[in-house]
Every structure is written in C-alpha cells, then in structure tokens.
Amino acid sequence: MTKYLIKRICYLVLTLFIVASVTFFMMKLMPGTPYTNQEKLSADQLRIMNEQYGLNKPILEQYWIYIVGLLHGDFGTSFQFNNQPVLGLIMSRLAPSLQIGAQAMILGSGLGILLGAVAAIRKNTWVDGVATFFSILGISIPNFVLAVLLQFFLAFKLQMFPIALWDGFSSSILPTLALAVAPLANTARFMRTEMVDVLSSDYIELAKAKGNSRWQTVAKHALRNSMIPVVTIIGPMAVNLMTGSLVVENIFSIPGIGEQFVKSIMTNDYPTIMGLTIFYSFLLMVIILVVDILYGIIDPRIRLSEKGAN
Amino acid sequence: MRREKSLVLGVTTLAITVLLAACGSSGSKEASTDTVTFTTSDVISTMDSALNTNVIGAQALTDTMEGLYRYEGKTVKPAIATKVVKPTNNGLTYTIPLRKDAKWSNGKALTASDFVYAWQRVVNPKVGSQYAYIYEGIKNATDITAGKKAVDTLGIEAKDAHTLVITLDKSIPYFSQLMTSSTFFPVYKAAVEKAGKAYGTNSKTLVFNGPYKLSNWNGPDSSWTEVKNTNYWNAKDVKVKNLKYQVVKDASTALNLFQSNKVDRTAISGDTAKQMKNDPDYSTLPKSATFYMQLNQDKNPIFKNAKIRQAISMTINRKELVSQVLGDGSKPIASVTPKDMSFDPTTKKDFTSELSTEGTKNATYNPKEATKLWKEGLAELGQTGKTFDYTMVGDDTDTSKKQSEYLQNTLEKYLPGLKVTLANVPFKTRLTRSDSGDFDMVVSAWSADFPDPITFLDLFVTGGDNNNGHWSNTEYDAQIKASKTTNANNPTARWQNLLKAQDIMNTESGVIPLYQSGVAYLTNANVKGLDYGPSGSYNNVSLYLKK
C-alpha cells in the first residue's frame, strides 16, 4: 500500500507540473494585459509597467522565474488585488466554498444513497415512482433557479433563514440545499440502478436463503456492493461543489473561490490564474486518489495494483 | 456496515441542525441606527492610493482619506488645504496653505511632507502605479515615471510644515478638480515603510486622515465597515458613526435585502430595476461615463463620409435603447462628454446644455433622414446598391449583448444594404481588437478620470491612443490644442475651445454617442444627505439619518 501511495504521489507531482506548464503558456496567449485600467495607458506607459512587473522578458524566462518561485512555495502576488499574495487570496476565499461544498456533498450523497436504495428495494411500487420523479426533477432544475426560489420563499417571505451574506452557519443552509439537490438526484439514480442489479444476483438469493431478513440482506450485502458506481461519480462531483458554484455563490453573496477564478481569467491576473489552476488540479487529483483507495475498501476484488501490477 | 450507519446518522444530524438553525435565525437582527449599510458591486482591490484604479477603492479612500480639496455638491471645497488656491507664475505654480489642525488617525500631525512623500511615491516607477499618468503636467512627472529623472525632482515641495508648493511643466486648467482625486491623497510615511509591499492590503497597514477609518478589513473581504475617525479635523460635521459596505452582485438578492431592511441603499439593474421603476425608494444617478460607437475608417473608407456616419447615428433610438434595453438609469446622450460633470466657468451652465443643436440633432432619432443621408452618402461614394457586411464588436455581458442586438436590428432596418454581424467578446479582447483595428464598428465606453470635458475630448484627436476609428479633423485638433496652450490660463476662452471641439465632433458624427451610463438605486427614506460628486465618489461627510 505504501509503495502504491508513493507511486501515486509521484504521478500527482508530475501531473501538477504539466498542468502548470500548459496553463502558463496558454494563459500567455490570451489577449490584453493584467492592468486594470489598460485602456487608459499609452504604449509608453504600458512598456514601463511591463518592465516593472517583468512582463517584458521572454516568455521562457518568465516561465522559468515562475517555476522557480513555485518550487520555493511562492505563488506570486495578484494584479487585481494589488500586491496581495495569491496564496493568501486563495485561502481566504476557499473556506466558504469548501464549507458549502462539503455540506452539500454530505447531505446530497447521503440522502441520495438512501433514496436510491429505498427505490430499488421497493422497485415498481409508488415509493419507487416518487423517488424517480424527484431525482428527475432534481437533475432538471438548475441549482441557481432553486437558489432564487429558496431565497425568495424561505428567507424573504418566511424569514426562516438569512437572505444572503456570509455570516455564520445559518447563512450556509440555503446555498447548501440549493447545491445538494443535483448530487442527491444523481446519486439516487446511480444507486437505484446498481442496487436493482445487485439485488437480483445469486449471492443475495443465497443470503435470503440463509434466512436473513430483507433489511439485513440489504444492509449487509447489497448496499456495500451497490456503492461502487456511486463512489465513482462522487469524486468529480465533490470537486465541482467544493471549488464553488459561481452562480449560487453570487446569489447568496458568498465570498467564495469560484468567482475569483472567473474574474482572474477575465482580468488576466496571471499569478492568480496559475495559483487557482494548480490548486484545483491538486484537489481533483487528491480526490481521485481517495476514491481509488475507497474502491479497495468497499470491494476487495479491486484491491489496487498492490497484487495486480506488481 | 457501521460506516453506512454513521453516514445515515450524520445526514440526520445535519438535517436536524438545519431545522434548529432555521428556527434560531427567525428573529432578524435590526440594523443599528448609527449605521448606514450600502451594497457595493465588488470588493476593494487595494487601499493604497497610489495603486487603486477603480471606483470601489476610490470611494473607500474618499471616506477614509483626504487630499487638498474635497467635492461638496458640485463645488470644489478646501479640505486639508485652507483655501482653493489660484495659480501664479502664468499658471505654473500653486502655493497651498495647509490646515494646522489636520491629524492622522494615530494622532500625529499631518504636514506638507506627507503630500510630498505620497506624490513622489505615485510617480516612482518602482511602485508601478497604473494611474501615474494622471500626474502628467506636474513638473518632471512624465520623465520620472519613465525612469529618466530622480523621484525627488517632482514639482512638489514642502516650503514649511504647512505650506505646499507645486510646480507644473505646463498649466493644468482642471488642477483643482484633480486634487479631489484619491491618487493625490497624502499617505503616512511610517505606515508605508513599515508595511512595504503589503501597504493597503489590510486595514492594519493603514493610517487615515479622512472622516472614517476602515476597521478589520482584510484583502478580498466581501464586506467592510468604516467607523468615524475622531481625529479627523472636521469630525464634528460627520454625523453617521458607521458606514457598512456589503458586496452583493445579484440584483434580486439586493432587492430582497433592501425590502427586508438589511441594507439602506443598493444599486439594482436589469429586470429588477425595470420592475421597481415606480417605487418611491427608486432613484437613478448618472455616472460620468459614456458609451459610444466608433467606426473603423481605415478598414472601411465609406466611414470617412460624414453623411454615412450621420445616418448611422440617426437610426439609433437612444430613448428606446435606455428604457427598453438597459432600464438601469442610463440616459440618452448627444455628445461623448456626459451631463452633470462639468460646468461653464462663467455661466455655471452644464457643458452639454451649451452645445449647438446643429451637432446634437445628429444624435436624435430620425430614421427617414437617416435612410436619406445613407443613400446620398453612398451615391457620393459611387457605392449605391452595394451591400456591406460589417462586424460590430461589443462586450460580452448580458446587457451588452442585448444592446448589440438592438443596434444590429435598428441599423439593418433603416440602412439598406448594411448587414451587421455581432462579435460580443470579453472586455480585454474588445480592447485588443479596438487597438489593432480588428473591427468595423465597436461599442466603446469611457469614464472620466477627473471632471473636465478634456478627459473625453482628448481621446479623439488625430493619432490619439483611444481614437480607434481614426476619425480625424484638423479644426478639432486645433481647438483641443488651443485649450491646452494659448488658452490654458483663460478658463472662459478654454471653455469655448472645448465647446467648439465637441460641436465639431457632433456635427461630423466623428464618434457616435449612445448613452451616459447611469445606475438605478433603492434608498431607505431615512438616509439623507447623499452627496455624489462629479469625481464619481460620494462625499459621506454630509450623510445623515433622519430619526
């Protein structure tokens, strides 16, 4: 297992390096400068500014300087937030996005698994019908529409929650609900399909034949085996959620990271673009790694390359 | 199996917590009567007056810092200076007395050397200010920024602790207006030196000299509070204890917050603004910014014909554009220079009200005349019956897209043979395409750096960096030149130059004005004394709450 982990971490670092390099060169192809009042600067002034920020140097040299800085843990300073270190910028914006994302993930996938399992067990009954109806609804309604509806009815009309603004746990509830519906619906669908399959397999029949009750069979044997496809989709879903949903964050005026990323691209804020890309890639890869390890725990048949590859 | 159980348990716990929290938060907090809460469209980028380039930062700086002068209503009033000074030495020297009771928020005295230090910092190429160009005209500023001269050669000197002497290379007719701008504010030297590059990135690095102090603010925070500065020389006139700013980007969220009394004043846009038009709390505010269309004369010689340009201008129903498409408080405009920004030095009348109707009529909707001029123009050029396939470049925001569609529709409707293709691109791409001439028509915008018509008119001289359409008129160039040279020290004659220049551009439809951008607001009826100055910031000294 240790060997496997070390190997994966080496790949992770290599991938990060490639991502950073590709992003760096692609980013430099974007038109415009990182200066916020670019249109007001004359060609001469632009030249002076470029010298000041080292943007007049050949691209390869700029790349080298950036990579060397990166190896020293220096992500540079932002252009849109003058002189603000990029790392600090990411960290201060990350917490709200992570919190809402994690809450939505736990709530959504948790309820989704339950709903899917119940629907599968009660296949072709009204319970299944209702569950399927809600999962289709959940997938069809965009989260921002739901966000606006939740805000209007629960917060504005009924005053049960804060309308918006980031102020403690209560202000995270509505965004969490809005974001949780899609993962809920997705997990439920996958869970149901897989569970229906599993429930008709031989070992379940055997378990039943041994005299286990229906619920015992489900809990002990079916649930675990039905989780495999669910775990697969949970990985990317988690990254999506935790890196922030721009629109939902805007609706609830949450100082999250999603908007920062879009804004850094729109304003050519080179160091922030790089910092966030590297950070997102890192997060995605870590989650993929965790998912791979989870597979092994859930299903002993796929106890990763430890035996297979070596 | 234990894992699944704990998962179910966790979800249940979360659900219960959600319900409990919901009940707990139902008693809404009432805003303190000493606080006025505003929504704002974005975060503060920096509180370093040398580096700030946007209105949000400029507002926070105007609240918490103070320069030589401050706008009260439409008038420039002395602030840290004791009077608004007239220049001597043929407009090249300003000797400005400073008030002796001015202090920094740490209690230390504010002296002339604080200005000297701040100004030298802005032009210092090492600081990398994107606004250093606004110092152009102050002795040696341009050379210092270019790295050709030492920073201490800048034309500013502390004659004594309370007298500032400013020397210019050429006279700056709008010098007093310029002094209200945050780029000319003083800074506390010890604070800047202590913080180094971090100066202005959080409130701990700052020392203030204005009506308010920023407290507990950190870089990209999405809300911030300004508390009254008791060390401000005019603290007795500051009535509101706290100003609170909340970043809210979604118009319907802003509306919900306003209607629940969570915020006292908020900007609204789009459909929300249209929907609230008849509300008693609704008002609009014109900004010193205009949108206009430029026609690429190099690429398409037909745009060199004045009748063609006039025709394009006359097809546009600006009233309909602002009310149906924008609906946000923007106003039709007949010149690139906006209304409510600059005033005749003798008659005190608005610049735009003194323009000739011969020019402004070209920006009045007249489709019949437009079609006629278009046909005449094409006949003059020998292009009758030809078709023209043009690309109109614009921004890619929702509003800009709608606006482009509107313009496309109206141009194609009244100008036979014209086919407009839309290219709505990100802002930086629009700038790049404008600079490189990669467009046929482009919708551009400009906002005033300081409240004087020259900030708009200077753009369109022959060879101007932002004259993307390359419209050129020798008489226009001559008027602009005269305003800066022969008449620089004669406000009345200079004003006539500027009026004439604008008239020429209007008559020629050299650039096609569309509208002056505006913002629609909802304001709590208790909030009084809102004083939005020509410089684009509020003077919150006069703000008060009706009890």
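A: Chain A holds 13 helices and zero strands, where helices (H or I, at least four residues) and strands (E, at least two) are DSSP runs, numbered from the N terminus. The model is a predicted one, in which local features need pLDDT of at least 70 and side-chain atom pairs count only at pLDDT 80 or more, while totals for chains, interfaces and linings use all residues. Residues are numbered from 1 along each chain as its sequence is written, and chains are lettered from A and ligands numbered from 1 in the order in which they are written.

Read along the sequence, the pattern of chain A is α-α-α-α-α-α-α-α-α-α-α-α-α. The C-alpha trace of chain A spans about 85 × 60 × 30 Å along its principal axes. Of the 310 residues in chain A, 42% are buried, a term that requires 20 or more other C-beta atoms within 10 Å of the residue's own, with C-beta atoms placed from the backbone. Among the contacts in chain A with a separation of 6 or more, 74% join residues 24 or more positions apart; two residues are in contact if their C-beta atoms, placed from the backbone, lie within 7 Å.

An unreviewed UniProt entry places the feature "transmembrane region" at residues 9-27, 100-121, 133-156, 168-185, 230-252 and 272-298 of chain A, although such annotations may be inferred rather than shown by experiment. Residues 100-121 of chain A are 100% helix and 0% strand, with end C-alpha atoms 31 Å apart, whereas residues 133-156 of chain A are 92% helix and 0% strand, with end C-alpha atoms 28 Å apart.

Conventions. Buried ≥ 20, exposed ≤ 12 C-beta atoms within 10 Å, placed from the backbone.
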